[in-house]
Number of protein chains: 4
Amino acid sequence: MSHEKFQNCIEACQACAVACEHCADACLSEPNLQMLAECIRLDRDCARICQTAVSFMAANSPFAAPVCELCAQICEACAAECEKHAHHHDHCRQCAQACRQCAQACRSLMSV
Amino acid sequence: MSHEKFQNCIEACQACAVACEHCADACLSEPNLQMLAECIRLDRDCARICQTAVSFMAANSPFAAPVCELCAQICEACAAECEKHAHHHDHCRQCAQACRQCAQACRSLMSV
Amino acid sequence: MSHEKFQNCIEACQACAVACEHCADACLSEPNLQMLAECIRLDRDCARICQTAVSFMAANSPFAAPVCELCAQICEACAAECEKHAHHHDHCRQCAQACRQCAQACRSLMSV
Amino acid sequence: MSHEKFQNCIEACQACAVACEHCADACLSEPNLQMLAECIRLDRDCARICQTAVSFMAANSPFAAPVCELCAQICEACAAECEKHAHHHDHCRQCAQACRQCAQACRSLMSV
């Protein structure tokens with residue numbers, strides 16, 4: 001699979017990583033922080049695997065596909081948690097959206 | 001400095017990281033690989049610091065500025081090396097351009 | 001500077017990164033989480049720069065020294081914050097210690 | 001699974017990441033560099049997934065297990081490639097050994 005074929009998925013992973021980092025940081029300033037612990041944990045995992053996936057795809061690694069498969073799983077878990085808080089916190093709403101798009105982009109890649 | 005203020009620089013660092021990963025991988029397939037060792041080394045360092053800078057900016061870290069300052073230095077070194085090979089290899093030309101833009105975005109951030 | 005010369009500092013950075021990741025995660029389970037937000041933020045930054053420093057040193061990068069200098073600064077900031085909570089939380093006490101040792105190892109490297 | 005349970009595997013991943021970074025950098029200085037391109041690529045992938053695995057384990061992430069499973073696969077691929085060059089290059093020999101140990105530590109974790 002060529003570098004260009006990955007372009008869509010690279011962009012979705014980049015956007016997701018940024019949304020997760022931002023969401024985790026914003027959560028830490030919320031008054032109901034105690035309720036957001038799980039969200040922060042999943043943001044952390046999701047940002048990390050997204051950055052890893054970007055690296056593997058950009059380098060055209062033979063392991064890009066399994067990394068993206070794992071990335072999709074973690075994105076979905078993070079989206080599910082963020083959606084619980086989406087009505088109260090815009091950063092959670094935006095993060096959930098970025099996670100869903102990233103999961104979809106990763107899964108599309110695998111169905112090619 | 002807010003998450004949004006970083007937007008420009010985040011995008012430049014993301015693009016630079018991808019260009020560096022791609023350039024290093026493409027160099028490894030070139031017939032004149034021996035001449036590209038230094039380019040691969042700098043691509044590696046540059047991709048790494050760009051990803052680190054993205055994380056710090058996206059998380060609105062108080063240390064985003066010094067990370068970006070270091071990022072600018074490494075981008076400039078990588079650009080200078082890639083420019084030596086830009087006439088022969090399109091990936092080096094594109095990487096050099098991405099590095100220059102990223103260095104400039106990092107320096108603009110610091111002059112704010 | 002050779003790979004072996006870095007050995008001490010690599011180990012200190014590895015231990016510090018692990019202590020920071022663990023401290024941040026443990027903070028998220030504490031009843032006084034609200035007071036630990038800054039600690040979690042600095043743990044995040046410190047873990048990240050320590051991992052980056054390990055990569056640069058292990059790869060014998062010409063930029064290992066400035067990365068370690070920045071690492072020392074972030075370690076000291078993280079140690080100072082963790083020390084505020086060291087009497088209540090063992091993970092903060094251990095993290096502060098790992099940060100101080102890492103900062104010292106990074107600074108020793110630079111004085112060589 | 002607690003932070004301490006991961007200790008063995010964290011150490012194996014840390015050692016493997018360092019060995020891979022070092023091997024890739026040393027390969028770039030070898031006269032038979034052209035034959036080592038695949039080794040450098042796998043070192044890059046292996047170092048990256050090992051660092052990711054360390055982060056997930058140190059943070060006690062619920063996704064540590066699947067990350068380690070992927071890590072084991074990439075370690076085995078890297079070991080197999082490095083072993084081809086182990087008679088000529090000590091860095092490849094050491095890297096292969098670190099990869100085998102890391103793969104085993106990751107697989108032991110999963111059988112618990």
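This passage describes two chain interfaces and several individual residues of a predicted model. Local features rest on residues with pLDDT of at least 70, side-chain atom pairs count only at pLDDT 80 or more, and totals for chains, interfaces and linings use all residues. Residues are numbered from 1 along each chain as its sequence is written, chains are lettered from A in the order in which they are written, and side-chain values use heavy atoms, with hydrogens and water left out.

Contact, defined as heavy atoms within 4.5 Å, involves 18 residues from chain D and 18 residues from chain A. Together the two chains bury about 1500 Å². Buried area is the accessible area (1.4 Å probe) that two parts lose on being put together, summed over both. Carbon and sulfur atoms account for 74% of the area between chain D and chain A. On the side of chain D, the most area is lost by D:Arg48, D:Phe63 and D:Leu70, which together make up 32% of what that side buries.

No salt bridge is found here: the count across the interface of chain D and chain A is zero. The term requires a side-chain nitrogen of Lys or Arg within 4 Å of a carboxyl oxygen of Asp or Glu. Polar contacts are present, with four residue pairs between chain D and chain A (both at pLDDT 80 or more). A polar contact is a pair of N or O atoms within 3.5 Å; within protein, one must be able to donate a hydrogen and the other to accept it, and residues adjacent in sequence count only if both atoms are side-chain atoms.

Helices α2 (37-58) and α3 (64-84) of chain D each give at least two residues to the side that touches chain A. Helices here are DSSP runs (H or I, at least four residues), numbered from the N terminus. The largest share, eight residues, comes from α2(D). By class, this side of chain D holds eleven nonpolar, four polar and three charged residues. Ala, Val, Leu, Ile, Met, Phe, Trp, Tyr, Cys and Pro count as nonpolar, Asp, Glu, Lys and Arg as charged, and the others, Gly among them, as polar.

D:Asp45 lies in helix α2 of chain D. D:Asp45 counts as buried because its relative accessibility is 0%. The classes are buried under 20% relative accessible area, exposed over 50%, and partly exposed in between (1.4 Å probe, protein chains only). The side chain of D:Asp45 makes a polar contact with the side chain of A:Ser61 at 2.6 Å. Leaving aside residues up to four places away in sequence, D:Asp45 touches A:Phe56, A:Ser61, A:Pro62, A:Phe63 and D:Ile74.

Chain D superposes on chain A by a rotation of 180° with 0.0 Å of shift along the axis (RMSD 0.0 Å). The two copies are therefore related as by a two-fold rotation axis. Superposition is by least squares on the C-alpha atoms of residues with pLDDT of at least 70 in both copies. Within chain D, D:Thr52 comes closest to the rotation axis, at 3.7 Å (C-alpha). The same surface serves both copies, as 100% of the contact residues of chain D recur in chain A.

The buried area is about 1200 Å², and carbon and sulfur atoms give 40% of it. C:Leu28, C:Gln34 and C:Arg41 supply 44% of the area that chain C buries against chain A, more than any other three residues.

Six salt bridges cross the interface of chain C and chain A. One salt bridge joins the side chains of C:Arg41 and A:Asp25 (2.8 Å, N to O).
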